[in-house]
Amino acid sequence: MSDTRPVYLRLRDRIAAAIIDGVYREGEMLPSVRAFAAEQGANPLTVAKAYQQFQADGLVRVQRGVGIFVCEGAAAKLRERERAAFLRDEWPELCQRLKRLGLRLEDLLTPG
């Protein structure tokens, strides 16, 4: 299954995952727009749009002439949003598939 969402949303998800995982820690600077764009093979304007969304959501702060920093509490806010989105958008379909395949929770918790 390919991801047909806009590139800036896919980049946003990568950045969010990195913040949640502690790759970009609270209080630390994110890579510059140009550096992240080069790393991801993306247009800098697209990266800027993803960063702007984080700023609008209060997850990063811009320090003019210095950089973009992850705000305190950003990881917890993102984790909460990701959980809610998973339960709303992905879990119902996953539950249906598990039922269709006859899988139980015990089957998922035991290896092999």
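For the charge count used here, Lys and Arg are positive and Asp and Glu are negative, with His and the chain ends not counted; each charge is placed at NZ of Lys, CZ of Arg, CG of Asp or CD of Glu.

**View 1. Where the charges sit.** The protein chain carries 18 positive and 15 negative charges, and their mean positions lie 4 Å apart. Keep in mind that this is a predicted model, where local features need pLDDT of at least 70, side-chain atom pairs count only at pLDDT 80 or more, and totals for chains, interfaces and linings use all residues. Residues are numbered from 1 along each chain as its sequence is written, and side-chain values use heavy atoms, with hydrogens and water left out.

**View 2. The chain from end to end.** Here you'll find five helices and two strands (DSSP runs numbered from the N terminus: helices are H or I with at least four residues, strands are E with at least two). Along the sequence they come in the order α-α-α-β-β-α-α. The C-alpha trace spans about 55 × 30 × 25 Å along its principal axes.

**View 3. Inside the nonpolar core.** The largest such core has 21 residues, and I15, I19 and L30 have the most contacts inside it (a core is a set of buried Ala, Val, Leu, Ile, Met, Phe, Trp, Tyr and Cys residues joined through side-chain atoms within 4.5 Å; buried means under 20% relative accessible area, with a 1.4 Å probe and protein chains only). Helix α1 gives the most to this core: five residues.

**View 4. Around I19.** Setting aside neighbours within four places in sequence, I19 is in contact with Y24, V70, A74, A75 and L78 (contact means heavy atoms within 4.5 Å).

Methods
Buried < 20%, exposed > 50% of the residue type's maximum accessible area, 1.4 Å probe, protein only.
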